Amino acid sequence: MKQAKRIIGIDFGMARIGLAYSDETQTIAFPLETFTCEKKSEANIIKLVKRLEDHQKEKNYIIEKIVVGMPLMMSGKVGFLADEVKHFVDLLQQKLSIPIVTWDERLTSVQAERTLRESTMSRKKRTQFVDRVAAVIILQNYLDSIHFHQ
């Protein structure tokens with residue numbers, strides 16, 4: 001059976017990392033999971049790589065590319081968290097042979113919070129999903145841009 005090629009979206013945070021994945025046509029983004037970060041970046045990379053490998057086996061797909069949200073300031077400048085994301089991407093590239101790109105994620109967390117606030121979820125429940133929804137928004141924006149430019 002031919003394996004579908006998918007793109008993974010990552011919303012990196014200091015406390016949690018949200019993951020999303022594309023459909024096989026790379027048109028629509030879906031939430032995958034959120035996991036809690038540890039203090040050491042290296043441990044988070046190993047945890048992430050293991051999760052991605054497990055998802056590939058379980059769902060029978062190939063990860064073609066990874067899109068990581070880059071938290072630029074509203075002015076477009078790079079701040080502290082963007083430096084952390086760059087370090088995270090560098091570590092991830094050392095562990096994986098999959099192409100990794102960064103994508104401007106300004107206001108995606110705000111958009112994710114707003115979307116979840118409109119649901120009937122409690123605040124505690126929203127906290128568990130916000131990073132996953134932000135990853136979906138990052139990935140969907142990326143997918144829309146590649147389809148728009150085709």
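User: How many helices and strands are there in the protein?
Analyst: The model is predicted, so local features need pLDDT of at least 70 and side-chain atom pairs pLDDT 80 or more, while totals for chains, interfaces and linings use all residues. Numbering starts from 1 along each chain as its sequence is written, and side-chain values rest on heavy atoms, without hydrogens and water. Helices (H or I, at least four residues) and strands (E, at least two) are DSSP runs numbered from the N terminus. The protein has 4 helices and 5 strands.

User: Which element of the protein has the lowest mean pLDDT?
Analyst: pLDDT is the predictor's confidence in each residue, from 0 to 100. The mean for the protein is 83, and 81% of its residues reach 70 or more. Where pLDDT is low, the predicted coordinates should not be read in detail. Strand β5 (residues 100–104) has the highest mean among the elements, 93, and the lowest, 63, belongs to helix α3 (residues 108–117).

User: What percentage of the 150 residues in the protein is buried?
Analyst: A residue is buried under 20% relative accessible area, exposed over 50% and partly exposed in between (1.4 Å probe, protein chains only). Of the 150 residues, the buried share is 45%.

User: Which residues of α2 are buried?
Analyst: Helix α2 (residues 80–95) has 16 residues and reaches 23 Å from its first C-alpha to its last. This is close to the expected 22 Å, where the expected span is 1.5 Å times one less than the number of residues. In an α-helix, with 3.6 residues a turn, residues three or four places apart point the same way. The buried residues of α2 are Ala82, Val85, Phe88, Val89, Leu91 and Leu92.

User: Which residues does isoleucine 10 touch, not counting residues up to four places away in sequence?
Analyst: A contact means heavy atoms within 4.5 Å. By that rule isoleucine 10 touches Ile17, Gly18, Leu19, Leu48, Ile66, Val67, Val68, Gly69, Phe88, Leu92, Ala135 and Ile138.

User: What is the angle between the planes of phenylalanine 12 and phenylalanine 88?
Analyst: Rings of Phe, Tyr and Trp (its six-membered ring) pair if their centres lie within 6.5 Å; planes under 30 degrees apart are stacked, over 60 edge-to-face and the rest tilted. The structure holds 4 such pairs. One of them is tilted and joins phenylalanine 12 and phenylalanine 88, 4.5 Å centre to centre and with planes at 35°.

User: Where in the chain do phenylalanine 12 and phenylalanine 88 lie?
Analyst: Both residues are buried, phenylalanine 12 at 7% relative accessibility and phenylalanine 88 at 1%. They are 76 residues apart, with phenylalanine 12 in the loop between β1 and β2 and phenylalanine 88 in helix α2.

User: Which residues form one aromatic cluster?
Analyst: Tyrosine 21 and tyrosine 61 form a stacked pair, 6.2 Å centre to centre with 5° between the planes. Tyrosine 21 is in strand β2 and tyrosine 61 in strand β4, 40 residues apart. Tyrosine 61 counts as buried at 1% relative accessibility. The cluster consists of Tyr21, Phe30 and Tyr61.

User: How far apart are glutamate 105 and tyrosine 142 in space, C-alpha to C-alpha?
Analyst: Glutamate 105 lies in the loop between β5 and α3 and is buried because its relative accessibility is 8%. Although 37 residues separate glutamate 105 and tyrosine 142 in sequence, their C-alpha distance is 9.9 Å.
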